[in-house]
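These are my notebook entries on the structure shown below. I set down what I looked up, entry by entry.

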Amino acid sequence: MSKYFLSLLCALALGVAASAQAGIKVGYVYVGAKSDGGYNQAQDTGRLYVQKTVPGVATNFLENVPENAQVTQAMERMIGAGDKIIFATSYGYLPYALELAKKYPQVTFMHCGGAKLAPNLGTYFADMFEAMYLSGIAAGKATKTGRIGFVAAHPIPQILQDINAIALGAQSVNPKATVTVVYTGAWNDPAKDVAAVNTLVDQGIDVVGMHVDSPVPVIEAAKKRGIKVIGYHFNDESFYPQGWLTGGYWNWGPIMAAVVRSVEAGTWKSQPIYGNLKSGAAKLAPFGPAVDAQTRKLILDKEKAIEDGKLNVWAGPIYAQDGKLMVPKGGVLPRGQVDAMSFFVKGVIGNTQ
Amino acid sequence: MKNSPILTLLADRLMVPLLGTTVFIALAAAFFHFNGYPPGKIFVQILKGAFGDAFSITTTLGKTLPILLCALATALPARMGLISVGAEGQLYFGALAGTAAVLAHPEASAWLMLPAMLALALLGGALWGAIPGVLRAALGVNETIVTILLNYLAIKLVEYAVYGPWKDPSNLGWPATMAFPGTAQFPAIACDGVASNWALPFAVVLALALFVLVEKSRLGSALALLRSNPRVARLAGIRYAPHCIAVMALAGMLAGLAGIVQAANVQNHLQPDLSSGYGYVGFLVAWLAGQSFLRIIPLALVMGGLLSAADALQLFAQLPYANTLVLQALLFISVLGVGAARSKWRRA
Amino acid sequence: MSAMLGLLSVALLTATPVWLATLGETLTQRTGVINLGVEGQMLVGAAAGFAATYLSGNPWLGLLAGALAGMALSCLHALLCLVLGVNQIASGLAVLFLGNGLSSFYGTTLVDKQITGFHSLTHSAAARWPVVGQFIAELTPSVYLAFALWLACAVLLLRTQAGLVWRASGESADALRMLGKSPARWRLAGILVGGLFTGLAGAALSVDYTRTWVAQMTAGRGLLAVGLVIVARWNPWLALPVALIYGLAEALALRLQSLGMNVSPYLLGTLPYLVPLIVLLLSYRASRRRGAMPQELSGVFRGMA
């Protein structure tokens, strides 16, 4: 009896929600605020793109869902609300999404950044390290001290990829360039971000990059101290045009829309989708006035080479921090090791854990 | 009517909760209305999101457990006048210690694993609680500041472990220990689609046991005396130091239990975001309940329901997630205000 | 700039919001009321200050708005514990949760907005002064403001007649009543001034230091400030050194990382909490007397008031 009553209640609740739209329902789970000017806003921009370009689709979202068991509940609520596709947009959602994928085989899960699959769970990510390699060239050209700084939230593979790519890019034009890493230990602590930038500048760093949720505090601090900056997640050039070199930003819309269309058409397959510069999912941000014409041309040429498959960021020789040869000349770091990046290349000052 | 003492007592007991709830609903309705959301619909949504179906009840119970234990861990020291804000840190450190047992012998049988994990978790929680207790008893250092600092410390230590030596390589860089084996989980209970585990009824029993221990035994009067008049207590032969240390350690155990349940049954790993601030919500519940172990139980359930409904409110009513924080505060203000106003009015 | 001065400037900038909040809460507690809601007041101050700066384009107006918003929220604490007689710890928590909630709720529209902060001096003539030039140029208006307020408050509280009454309401309400003064009125002043300072502290964080707003950007610094009042032994003079110790620990943790020291950033991250704890223990050991706490607070700390 009580079960019957409960399911009736559920049906009522969902009926109201579902009757509003006839098309497929897509849910988005965000780890932070959807308008953070950074990671989450980039994902949400993708959601809005899907909403605009795929006819009849309806989207909903949950913000500020931490990377713990709470995300299971959040996604189950969405499934209860009729969502057929769920974009689990944060890296730490992976184990919970995998668990739920087993429980709800009729729902399609898309996890951002993970390297594990399930029959109804695919992953999507973009090789931002390509844009970071190009930004590293700009940084290597721009630095007068030869020292680049990087403000990182946590030592996780994606962030280690970015740091290594910047170092390799910078060293390709400035062999002595180094990248000094400072972790804030938090995705979202603006005061720590600023303190980190100040610390780096006091060490003689004159170009800084970042990978925290919102790049704005780092950009503002760079502006105050008058150093150059490489952006991330979002095109934030307007915050500091004079010091802006370039950077990388996400363009998730097309990938997401393609996923939604293929699920609707029944052609979706579980696979890792790697967007990149070529596919347009990771983009090189516009150049700031501080980048001269010669450097711009060099970077654009290299961008073309990457897109054409002639240049691989992880091509050897690559040496680790301690001088150990990681990739011999002629070789390329295997995809699996890129995804699970756990070392720093030579010239990076910092810890990997 | 006026001759019926039972009715008067009942009216007396129910007045504050009822009036408090009314004021809360009025304040919350005003808040929703002012921000352009229909209050009636939202209230129905909250009830549905908290208790509307088996899934919601499961979620609510899952949040009730840590809140309940952390509230108990706040209320017990408060009984002897210690203001501990430390449940959050004790939760983390308990989980850290309990996880050490799991990682040491992941292949151990359930009969060995569960007791060992539980014992270490309780010990860890007790240690994290006893530090401020010892400092207070031996040096007179204020326990409030020590517990606040220890919270941050415990969280950093867990982060150190899961980003560093305890990170499972097969996670591909995701900061967490290996998944706990099934032998390291508290047995599940399920009923009509509602799922929980045995730690929940155990926690309720703990609350009742604390009630009996503190309200119905001499320990309670000893604690009350230590709180109201330490000098008289000393004359009566009740020593401050052992009580202070024991009470803080016991409180730490309660929160440590919440921590290991969170790691073993809820997350299934030790990882950075273990708690979602349950220690602080528990602190709020304890003070809302006036440090009564019995009143903590329903209030923890209410708070668990409110947190559980937060997702539903975002999804179905498009309310920003922060509304839950506002609701918690409004509930708190209403019940506290009505309670205090009533006792003031009665005195006058 | 020398390494030491660089460290000091990062420390001072990091410490300033905490310094202001500690100072404000010290003033509150010296009237015999504790307010745990500092974190909430800081958040409301940060949001309001950022919004005002965004709308007006004037960061000074932002600081003012932040301070006033903090004070407005502290009125709730006054209402609950002075008028209705709610337990102060509980009431402070209500303020904390409400401030957190309101600032997150209304702050969503402020995220990713761009403001014009104070003019930076790092490229001015001052920066070229020998030795200390760069150091001075890096300090921002809120540091100087905090310095002025700190001097003024410490002198007013410890060296004037009004300060004596202020302290008396924290030491003995009865004595104050005998003088024909109302302790409640002084406590109201204590709460409101505390709200003003903590709101300013929040605005300093959003408007001046980071020029950004995100929900919960205080990240526990308000709660920490309440604790640091105890480390500073309710002495406004000590608010600076105590906040600076916190700032130095924070700065040192980052500095050691940037030097490539092979220690987990998370272990280094314990320093800002470990160091104040050690200072607290040493200071308790060094002085035999335990009685720095305002007498009227001892009842609160035993959960009685």
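**Entry 1, chain B overall.** I counted 13 helices and two strands in chain B; helices (H or I, at least four residues) and strands (E, at least two) are DSSP runs, numbered from the N terminus. I note that this is a predicted model, in which local features need pLDDT of at least 70, side-chain atom pairs count only at pLDDT 80 or more, and totals for chains, interfaces and linings use all residues. Residues are numbered from 1 along each chain as its sequence is written, while chains are lettered from A and ligands numbered from 1 in the order in which they are written.

I then looked up the dimensions. The C-alpha trace of chain B spans about 65 × 60 × 35 Å along its principal axes.

**Entry 2, a helix pair in chain B.** I examined helix H12 (residues 293–317) of chain B against H13(B): the two pack at an angle of about 145°, with their axes 9 Å apart. Axes are lines fitted to C-alpha atoms, for helices over the stretch in contact, and angles run from 0 to 180 degrees between N-to-C directions. The contact involves B:Leu306, B:Leu307, B:Ala310 and B:Leu313 of H12(B), and B:Asn323, B:Thr324, B:Leu327 and B:Gln328 of H13(B); residues are in contact if their C-beta atoms, placed from the backbone, lie within 7 Å.

Which numbers of residues does the contact take from chain B and chain C? It takes 39 from chain B and 43 from chain C. On the chain B side, helices H5 (110–139), H6 (143–163), H8 (218–228), H11 (278–288) and H13 (323–347) each supply at least two residues. H13(B) gives the largest share of that side, 12 residues. I sorted the chain B side into 26 nonpolar, nine polar and four charged residues.

I traced an open sheet of six strands in chain A, in the order E2-E1-E3-E4-E5-E11 and with parallel pairing; strands pair if DSSP finds at least two bridges between them. E2 and strand E11 (272–275) of chain A stand at the edges with a single partner strand each, so one side of each has no neighbour in the sheet. Strand E1 (residues 25–29) and strand E2 (residues 58–62) of chain A pair in the parallel sense over five bridges. Within that pair, A:Lys25 has A:Ala58 as its bridge partner, and A:Val26 stands opposite A:Thr59.

I found an open sheet of seven strands in chain A, ordered E12-E10-E9-E8-E6-E7-E15, with mixed pairing. Its edge strands are E12 (282–284) and E15 (348–349) of chain A. Strand E7 (residues 178–183) of chain A pairs with E15(A) in the parallel sense over two bridges, and A:Val179 has A:Val348 as its bridge partner.

The peptide bond from A:Gly316 to A:Pro317 is cis, with omega near 0°. A:Pro317 lies in the loop between helix H10 (293–307) and strand E13 (318–319) of chain A.

Key
Ala, Val, Leu, Ile, Met, Phe, Trp, Tyr, Cys and Pro count as nonpolar, Asp, Glu, Lys and Arg as charged, and the others, Gly among them, as polar.
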